[in-house]
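Here are some quick notes to read alongside the model. Have the viewer open as you go through them.

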Amino acid sequence: MALQSMTGFARSEGTSGRYRWAWELRSVNGKGLDIRLRLPSGMEALEVEARHRLSEALSRGNLQVTLSVTISENRVEAVVNEEALAAVLKLRDALGSSVVDPSPMRLDALLNIRGLVEFREAVDSEEIIAARDAAILDGLSRAIAALGDMRRREGDALGRLLAAHVDKIEELARRVEADPSRSPEEITRKLEAQLQALLESAPSLDRDRLHAEAALLATKADLREEIDRLKAHVAAARELLTEGGPIGRKLDFLAQEFNRESNTICSKSNAVAVTSAGIELKVVIDQFREQVQNLE
């Protein structure tokens, strides 16, 4: 599966009858999937399906999803209050010859009667509304696909960058492993020199106790376990990058493990070269973890 970044943008637009619509999707980093959906008034019925399609396609990221709809043609229709019209006509018949002007009622006179005729925006049929909503949701699916394409392109770039960081971590681990200061002979030589200095400055010290403490220090100074764990974490990171998919959380955990081993190496180091490699290792791991935060 391809890697996906959590950042991206997509836009989709189209028309349906007299309606013109546009979707805009913006995605940034997030611990989970947080969808903030803004729909025009009167289109709340689309929310459930829109959220379903978004959550089906994406697993992590803070999403801002906005739908805008405009009407290219405003249609007005006249609605007659039939009860009011019937009352007016009944009144005319009842008055009959008592009315000074018995001529037929004119249209402008009828329009001037308050509440008799109401002008309002034409209401589309259910079929037209259903076709519009279907077109808008199809547009959302296209926008989601475009956002996914962008996130995958960025994910590919992130994957290459992370793989380079893993290579660098492995290189530094090998540098620590190969450093002459790690050889048993060098550790023994340094401890013997330190013991000799202690004995010369304080001859009364217990030699057997000093040798036992020296052996303990030599054991603690050994970096074999840390190096082995670093190698195992490197192998796990490469396996995840090859596997792909939503692996951001797993890589973030590995970044914490990398950092733990580098801290231990720096604290145990008994040579400038090892300390230098440990510090460089921490820098690379920080860069690795920073980039992992962008990965789904």
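1. Ground rules first. This is a predicted model, with local features needing pLDDT of at least 70 and side-chain atom pairs counted only at pLDDT 80 or more, while totals for chains, interfaces and linings use all residues. Residues are numbered from 1 along each chain as its sequence is written, and side-chain values use heavy atoms, leaving out hydrogens and water.

2. The sheet. Four strands form an open sheet in the order β1-β2-β4-β3, with mixed pairing. Strands are DSSP E runs of at least two residues, helices are H or I runs of at least four, and both are numbered from the N terminus; two strands pair if DSSP finds at least two bridges between them. At the edges sit β1 (8–16) and β3 (33–38), each pairing on one side only. From one strand to the next, the twist averages 15°.

3. β1 and β2. Strand β2 (residues 19–28) runs antiparallel to β1 over 9 bridges. Phe9 stands opposite Arg26 in β2.

4. Helix α4 on the sheet. Helix α4 (residues 126–178) packs on the sheet and touches β1, β2 and β4 (contact means heavy atoms within 4.5 Å). Its direction makes about 30° with that of β2; angles run from 0 to 180 degrees between N-to-C directions, and axes are lines fitted to C-alpha atoms, for helices over the stretch in contact.

5. The cores. The largest nonpolar core has 30 residues, of which Ile169, Leu251, Phe258 and Phe288 touch the most other members. Such a core is a set of buried Ala, Val, Leu, Ile, Met, Phe, Trp, Tyr and Cys residues joined through side-chain atoms within 4.5 Å. Buried means under 20% relative accessible area, exposed over 50%, and partly exposed in between, with a 1.4 Å probe and protein chains only. The elements giving this core two or more residues are α4, α7 (224–243), α8 (248–268) and α9 (272–292). A second, separate core of 20 residues includes Trp21, Leu46, Leu58 and Ile144.

6. α4 against α9. The axes of α4 and α9 come within 9 Å and cross at roughly 165°. Among the contact residues are Leu162 and Ile169 of α4 and Leu281 and Phe288 of α9.

7. One to click on. Leaving aside neighbours within four places in sequence, Glu261 contacts Glu226, Arg229, Leu230 and His233.
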